[in-house]
Amino acid sequence: MKKINFITITIIINLLLSSCASTPMANEIGTNTVAQKPSATAEEAPQSYEQSSANARIDDGRTVVGISMPDKLLERWNHDGIFLKEHFEKEGCEVILKYADNLIDTQISDIRSMIDGGADLLVITAVDGAALSSVLDKAKSQGIKIIAYDRLLMNSPSVDYYVSYDNYKVGVLQAEYVISALRLEKSSQTKTIEFVTGDPVDNNARYFYQGAVDTLMPYLESGKLSVLSNQQGFYETSTAQWSTDIAQQRLQIILNSYYPENVRLDAVLCANDSTALGATRALESDYNGQNSVVVTGQDADVANIYSIIEGKQSMTVFKALRDESVVAVALGLSILSDETPDAELITRSGWKFECSYNTTDYDNGSKIIPSYLLSPITITKDNLEKELFDTGYYARNGSGLIYAVE
Ligand code: BGC
């Protein structure tokens, strides 16, 4: 597991003692167990991870997990961070959790400080999937295991596993919703659609886009569906940093240029909820038509749940973050126990949610990364209560305000 700094025999003896004292723990994450090392006491722990030097990589009996998240601006990463931290801590691991403010350099220095802070395992959601290769290689060279969480880490052979939702299916669900809401199969009229896709440096964005476009292609080709702006390609419809403002501004320009009075827009296929918020704002301010425009999304962010209830957004694709973190933690514990997890992890964990093991689809440019993929679901006004609230993922407080349960 950890690099041993051969300083004194005492350390080696401590190491042996601590691994002998390890107790495999049954856990709710899965049925796998990890050889637990007792946590460091307050005196033993470095005052801050930044202060700890490379010498902190002495195996001191701790199991340290570094969690590097992209930013706190988008609702979901706040929940992911909390879920992952809590689950790993419950399993006796020490956690270093950092948010990179959507800055590549900050994320690189966060990961460096995790390496210096003695991390055994890194769980990373990249700001830019292709920008971390050298720091990942550094981690790998020190024996640290790496899980790409939700977003694939690109162009690096150092990545061990990937945990995510089936990203292609997210786009398929959004497109299927549009097809059914606009009754494209039966209608003889041409309907109009615009695309608002995600951040091109996020590898997921292309999967969402491809799933949607492949599903809509028969209708785009037959002319049943038309994109009046003519902006249909991945890059020209993309939204840097998944920004609500950028999505809003782009759609406002499109509405003013291509949808004057009497030109009807039927749907805006938005890749996620932050872009959907931008789209609904643009429609409110700059769309002249009287029809309600179909708007898709992804994540079930609280603001968007309200939007769906109010009829401004039509659907979202829900990915239970708690379940995604459960898979990442079970996988992490298995790797830390020196296992080589595969499909069997799913069988033995007995999760109540769908999860598949995929060894073909996620090529990061250096190798195919074995992936655990969960299954997203469509949420509309009609099933929102049942799928989000009855399941306990969301709740309402005493004043009736919706919140995500942590
Ligand atoms: C995630 C989405 C999220 C988007 C923006 C993607 O990588 O899969 O759930 O909406 O990033 O943060």
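Is Ser164 buried or exposed? Ser164 is buried, with a relative accessible area of 0%; buried denotes under 20% relative accessible area, exposed over 50%, and partly exposed in between, with a 1.4 Å probe and protein chains only.

Colleagues, this is a predicted model, in which local features need pLDDT of at least 70, side-chain atom pairs count only at pLDDT 80 or more, and totals for chains, interfaces and linings use all residues. Residues are numbered from 1 along each chain as its sequence is written, and side-chain values use heavy atoms, with hydrogens and water left out.

I begin with Ser164. This residue lies in strand β5, residues 161–165; strands (E, at least two residues) and helices (H or I, at least four) are DSSP runs numbered from the N terminus. Beyond residues up to four places away in sequence, Ser164 touches Asp150, Asn204, Glu324, Tyr372, Leu373 and Leu374, where contact means heavy atoms within 4.5 Å. The side chain of Ser164 also makes a polar contact with that of Asn167, at 3.4 Å. A polar contact is a pair of N or O atoms within 3.5 Å; within protein, one must be able to donate a hydrogen and the other to accept it, and residues adjacent in sequence count only if both atoms are side-chain atoms.

Tyr372 brings us to the cores. A nonpolar core is a set of buried Ala, Val, Leu, Ile, Met, Phe, Trp, Tyr and Cys residues joined through side-chain atoms within 4.5 Å. The largest has 46 residues, of which Leu84, Phe88, Val123, Tyr372, Leu388 and Tyr394 touch the most other members. Helix α10, residues 321–336, supplies the largest share of this core, nine residues. A second, separate core of 27 residues includes Ile193, Leu216, Trp242 and Ala267.

Ala267 is also among the contacts of Thr192, together with Leu265 and others, neighbours up to four places away in sequence being left out. Thr192 belongs to strand β6, residues 191–196, and is buried, at 8% relative accessible area. Thr192 and Leu265 are 73 residues apart in sequence, yet 5.3 Å apart in space, C-alpha to C-alpha.

Finally, the rings. Phe318, Phe389, Tyr393 and Tyr394 are linked by ring pairs into a cluster; rings of Phe, Tyr and Trp (its six-membered ring) pair if their centres lie within 6.5 Å, with planes under 30 degrees apart counted as stacked, over 60 as edge-to-face and the rest as tilted. The charged end of Arg396 sits over the ring of Phe389, 4.0 Å from its centre. That description requires NZ of Lys or CZ of Arg within 6 Å of the ring centre and within 35 degrees of the ring normal.
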